[in-house]
2 protein chains.
Amino acid sequence: MAQPADRALRERAARVIPGGMYGHQSVAALPDGYPQYFTRAEGPWLWDTDGNLLLDLMCAYGPQLFGYGNAEIDRAYIEQMASGDAMTGPAPLIVDLAETLVAMVSHADWAMFCKNGSDATTMALMVARAHTGKTGIVRARGAYHGSQPWSNPRAGGIAPGDQAGQHICEYNSVASLEAAVATAGKDIAAIFAAPYRHDVFVDQASPAPEYAKRARELADETGALLIIDEVRAGFRIARDSSWSAIGVAPDLSCWGKCIANGHPISALLGSEKMRAAATRIYATGSYWFAAAAMAASLKTLELIRETDYLERIIAMGDRLRTGLDKQAAKHGFTLRQSGPVQMPQILFDNDPDMRLGYHWSARMVKHGVYVHPWHNMFLSAAMTDTNIDFALDAAEESFRELAAAASGLGPNERYPGPRKG
Amino acid sequence: MAQPADRALRERAARVIPGGMYGHQSVAALPDGYPQYFTRAEGPWLWDTDGNLLLDLMCAYGPQLFGYGNAEIDRAYIEQMASGDAMTGPAPLIVDLAETLVAMVSHADWAMFCKNGSDATTMALMVARAHTGKTGIVRARGAYHGSQPWSNPRAGGIAPGDQAGQHICEYNSVASLEAAVATAGKDIAAIFAAPYRHDVFVDQASPAPEYAKRARELADETGALLIIDEVRAGFRIARDSSWSAIGVAPDLSCWGKCIANGHPISALLGSEKMRAAATRIYATGSYWFAAAAMAASLKTLELIRETDYLERIIAMGDRLRTGLDKQAAKHGFTLRQSGPVQMPQILFDNDPDMRLGYHWSARMVKHGVYVHPWHNMFLSAAMTDTNIDFALDAAEESFRELAAAASGLGPNERYPGPRKG
């Protein structure tokens with residue numbers, strides 16, 4: 001794929017952005033052919049700077065739940081912006097939004113709003129420490145709770161003390177969870193949990209009900225808070241907290257990404273028991289009280305309540321997963337598809353350095369479908385069966401091309417993750 | 001001031017927001033009569049929920065530099081939103097914006113974008129630690145560098161280790177700065193600096209050139225980075241880094257608030273020497289690559305370069321300061337006005353619990369001017385001499401009313417700061 005415009009932008013960026021790009025949207029670790037820049041987005045579609053149209057199965061890494069440029073949601077944003085956005089105090093709809101989330105999320109009695117997912121997770125940590133007077137936390141390896149130093153997944157710039165007092169368990173292992181809690185001993189402020197195992201690079205896993213229930217029990221036994229980080233999965237699993245279906249309520253939950261369909265807002269929700277502690281932390285930000293993103297969130301939450309978006313993305317995810325499995329088998333590959341079908345992780349079996357996955361993903365992009373070789377993907381309610389068929393057509397072609405190329409693929413030097421397969 | 005609508009909102013909020021409101025925009029510590037909620041903002045004006053019109057001397061605590069609802073800036077936001085905002089990768093204008101800031105800010109060779117001011121200060125801390133391999137920092141008491149745990153000004157939810165390795169000096173005291181650096185010894189990653197002393201509750205102070213220069217020297221001698229936190233004051237002091245006029249260049253600078261006139265974006269700028277370290281930190285957020293706020297920032301920066309906004313807000317600030325001094329003297333009060341005139345701090349002399357300041361501020365609000373009794377204020381380029389005259393008319397009336405009431409004022413139980421006078 002000739003990408004002169006994207007390449008020219010990368011050359012300019014190399015001079016004024018460290019490493020040319022940073023953070024989760026850098027494509028430095030992705031296959032050749034992935035565009036770094038996009039000029040337009042609409043519904044389920046992205047246009048790169050070289051004019052290529054892509055069906056986007058990443059949904060901006062989650063925020064897009066109702067499609068790019070959703071008219072109702074964006075209108076709500078623009079109308080509120082015309083009245084007032086970042087002001088010297090909040091608009092009344094901060095109260096409307098808090099009431100709405102409290103009504104929708106069964107464990108929640110109150111809400112606080114912020115900007116980043118990591119704002120919400122850090123506030124949760126602070127509330128837990130204020131509530132318990134303790135410091136330590138238990139969290140699952142690889143679950144990620146934001147890029148702040150206390151949960152940053154890399155070593156650069158992290159001080160020795162930033163992650164002190166943290167006891168790491170393996171997701172879904174009750175024994176490992178119990179051991180981590182035992183190691184924490186009396187110094188335990190919180191048990192953090194992801195709604196399901198959505199770690200990068202590896203197979204995803206549903207929460208084992210006994211794991212979730214044991215986390216709740218251990219929190220109650222030790223006085224620690226149970227915190228669910230819903231930033232990535234919230235409202236793509238349920239119209240409530242993601243563990244509501246297995247009957248486990250957290251004390252605090254952290255929300256972001258899709259709660260305003262890409263407009264910048266995140267939230268910490270809490271139960272009554274934590275309200276007093278929440279009043280004792282100081283948490284704030286320059287734009288946290290801005291009204292336009294709150295208006296967009298109210299409209300997004302209305303669509304979450306009043307449409308069949310969830311049933312539709314599950315049905316489309318099923319169609320995609322089933323279709324891909326059949327195609328892979330036909331071409332001699334075994335896929336490891338995991339995670340909720342509406343948040344698919346697609347790995348190749350027997351592919352320790354992901355050379356198969358990288359080649360296939362690059363072909364998918366070439367054929368107009370943006371997939372990710374090792375990060376969970378996201379479906380949106382702007383997608384249709386026609387889009388899924390389009391993705392499957394691209395996949396058929398990509399599997400065929402991979403089958404022809406597979407035996408000649410060299411080592412994948414770009415793959416940054418653990419060697420599994 | 002009867003405020004039935006504001007009161008009704010507060011009653012609802014008390015049920016669903018901890019403490020009724022949180023963060024810097026809570027009015028819980030402000031005098032009676034301050035509205036908590038606003039329904040509309042335009043130019044220099046705010047409307048509260050009870051229909052009262054207020055000239056806003058807080059400018060959203062800084063973000064408003066060209067006035068609420070600035071047509072050019074908001075149009076840039078909306079037009080970009082229609083093309084694409086939060087997508088699966090950035091739009092090309094992230095490169096334009098980085099190039100623009102590098103061209104405008106003399107010390108900067110690169111830029112990274114984020115959402116909160118505290119994202120930028122925390123990234124600066126991480127870059128300093130990555131660059132030096134050290135942990136400790138020196139910072140001035142009360143200077144504030146964001147609400148993340150490492151710099152959070154309150155105790156609630158802060159773990160004992162969160163602020164370890166920090167050596168506190170007094171702003172503008174060379175001896176104190178030298179002592180803090182000496183105490184840090186070899187473990188010093190960064191010296192943080194505010195552009196001027198803009199602490200809450202107290203008189204503001206310009207940076208003493210010998211203090212700024214000594215900070216630069218000490219950083220060079222120890223290998224630490226000099227970091228200027230421009231979040232509050234950036235582009236209201238200069239069209240460059242705020243210490244450019246005194247000839248001191250930082251290694252890193254942190255920007256936010258007014259760089260997009262209230263649209264949510266912040267930035268870390270750095271010099272060439274720190275580029276490699278900046279590539280080694282992992283910093284990211286769900287909405288950090290969103291394009292609409294970048295478009296708004298580009299337009300805001302154009303207005304910063306091409307208009308006389310700075311000269312105008314300084315001239316208006318002079319007019320306000322001179323007028324208030326005359327009025328206060330006429331009514332028997334001595335004001336302590338400090339800080340840059342365009343970012344005024346207005347305290348009353350001999351007012352240890354701020355009862356005079358609170359009464360006067362409340363009267364100002366009653367007469368249609370939103371002032372803050374202990375936080376620096378902000379002028380915007382949307383203001384005119386007519387607005388300043390409006391503020392002075394309100395002030396004249398407020399001083400008169402204060403003079404009549406002063407001797408009968410009881411202790412100010414609501415004032416949360418240090419007792420000074």
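Trainee: Which residue stands opposite A:L55 in β13(A)?

Mentor: In this predicted model, local features need pLDDT of at least 70 and side-chain atom pairs count only at pLDDT 80 or more, while totals for chains, interfaces and linings use all residues. Residues are numbered from 1 along each chain as its sequence is written, with chains lettered from A and ligands numbered from 1 in the order in which they are written. Strand β3 (residues 53-56) of chain A runs parallel to β13(A) and is joined to it by two bridges, where strands (E, at least two residues) and helices (H or I, at least four) are DSSP runs numbered from the N terminus. Within β13(A), the residue opposite A:L55 is A:V369.

Trainee: Which strands of chain A are the edge strands of the open sheet?

Mentor: The sheet has four strands with mixed pairing, in the order β1-β2-β3-β13 of chain A, and two strands count as paired if DSSP finds at least two bridges between them. Those that pair on one side only are β1 and β13 (369-370) of chain A.

Trainee: How many residues of chain B are in contact with chain A, and which helix gives the largest share of the side of chain A that touches chain B?

Mentor: Contact here requires C-beta atoms, placed from the backbone, within 7 Å, and by that criterion 91 residues of chain A meet 92 residues of chain B. Several elements of chain A each supply at least two residues to that side, including α1 (4-16), β1 (38-42) and α4 (117-132). The largest share, seven residues, belongs to α4(A).

Trainee: What kind of axis relates the two copies?

Mentor: When superposed by least squares on C-alpha atoms of residues with pLDDT of at least 70 in both, chain A can be laid on chain B with an RMSD of 0.0 Å by a turn of 180° and a shift of 0.0 Å along the axis. The two copies are thus related as by a two-fold rotation axis.

Trainee: Why do the copies meet through the same surface?

Mentor: The copies meet through the same surface because the interface residues of chain A are also interface residues in chain B, and the share for which this holds is 100%.
The general point is that two copies of a chain are related by a rotation about an axis and a shift along it.

Trainee: How far apart do the C-alpha centres of domain 1 and domain 2 of chain A lie?

Mentor: Chain A is divided into domain 1 (4-61 + 308-408) and domain 2 (71-306), with bounds that come from an automatic or database domain assignment. Their contact takes 15 residues from domain 1 of chain A and 14 residues from domain 2 of chain A. The separation of the two C-alpha centres is 28 Å.

How values were computed
Two residues are in contact if their C-beta atoms, placed from the backbone, lie within 7 Å.
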